[in-house]
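Please consult the sequence and the model shown here while reading.

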Amino acid sequence: MSEFGYHAFDLSQWVVTDEGAIRGREPAGEPLLSVDLAQRLRDAGLPWRPITGDRFVVPDADLDEHTFLISPMSVDVAEAPAGQVITFGGAVEWGLDAIMLREVVWLPREAQLRAALGERFRMLERDGERFRVRFWVEGDETVVHPLAVEAYGLAVLRCLEQSPSED
């Protein structure tokens, strides 16, 4: 347990008090949002209220190649004399017990980005090898990307970049 009272990356108890916090679940196996776009969304003000199943990265800490998953319990595979065993524990034996929410970058899922668009969302279309998201900002707008999650992310970023008076 750290000085913050939390065990290894169990951020499910941490709360971001922004009114518009996004909550939701997506099936496993979905492509992840790029870290670059996730950082741009965070910097533009996309609120995050961590829940079990959310993924995040820890930039600038020599952990760039790792994606972390919020979970109330850690489950690991270990070698034992009788063979591999699955171990269950509440805390990971690791040098980092906790990290401030502001120091990580959330990788929102497709459904969470669609929810962030809210009533501005019009449609997701497949256009050959690309996905087209139609949404409303100052009029009908469209973004296109080979990954649906990135197209949604670009649409949310466009909405966030608008001044509050234009919402």
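How many helices and strands make up the secondary structure of the chain? The model, which is predicted, has three helices and eight strands. Read from the N terminus, the order of elements is α-β-β-β-β-β-α-β-β-β-α. The chain has 167 residues, of which 37% count as buried. Among contacts with a separation of 6 or more, 59% are between residues 24 or more positions apart.

**Sheet S6-S7-S8**

- Three strands form an open sheet in the order S6-S7-S8, and their pairing is antiparallel.
- S6 and S8 are the edge strands, each pairing on one side only.
- From one strand to the next, the twist averages 20°.
- S6 (121–127) and S7 (130–136) run antiparallel and are joined by six bridges.
- Within this part of the sheet, Arg126 stands opposite Phe131 of S7.

**Helix H3**

- Helix H3 covers residues 148–160 and lies across S6, S7 and S8, at about 25° to S7.
- The 13 residues of H3 should span 18 Å at 1.5 Å a residue, and the C-alpha atoms at its ends are 18 Å apart, which agrees.
- H3 is mostly covered, with ten of its 13 residues buried.

**Helix H2**

- Helix H2 is formed by residues 110–117, and Glu110, Gln112, Leu113 and Leu117 are buried in it.
- Viewed down the axis of H2, these buried residues fall within an arc of 165°, so they line one face of the helix.
- An α-helix has 3.6 residues a turn, so residues three or four places apart point the same way.
- Helix H1 (35–44), strand S5 (105–106), S6, S7 and H3 are included in what covers the buried residues of H2.

**Nonpolar core**

- Which residues have the most contacts inside the largest nonpolar core? They are Leu41, Leu113 and Val133, in a core of 31 residues.
- H1, strand S1 (55–57), S5, H2, S7 and H3 are the elements that give two or more residues to this core.
- H3 gives the most to the core, namely seven residues.
- In soluble globular proteins, nonpolar side chains tend to be buried together.
- Beyond its neighbours within four places in sequence, Val133 is in contact with Leu117, Phe121, Met123, Leu124, Glu141, Thr142, Val143, Ala151, Tyr152 and Ala155.

**Loop residue Asp60**

- Where does Asp60 lie? Asp60 is in the loop between S1 and strand S2 (68–69).
- Is Asp60 buried or exposed? Asp60 has a relative accessible area of 79% and therefore counts as exposed, the cut-off being over 50%.
- Asp60 and Glu103 are separated by 43 residues in sequence, while their C-alpha atoms are 9.2 Å apart in space.

Methods. Residues numbered from 1 in each chain as written. Predicted model: local features only at pLDDT ≥ 70, side-chain atom pairs only at ≥ 80, totals over all residues. Heavy atoms only, no water. Buried < 20%, exposed > 50% of the residue type's maximum accessible area, 1.4 Å probe, protein only. Helix = DSSP H or I, 4+ residues; strand = E, 2+ residues; numbered from the N terminus. Arc of directions from axis to C-beta. Contact = heavy atoms within 4.5 Å. Core = buried A, V, L, I, M, F, W, Y, C linked by side-chain atoms within 4.5 Å. Expected span 1.5 Å × (residues − 1). Pairing = 2+ DSSP bridges. Axes fitted to C-alpha atoms, helices over the stretch in contact; angles between N-to-C directions.
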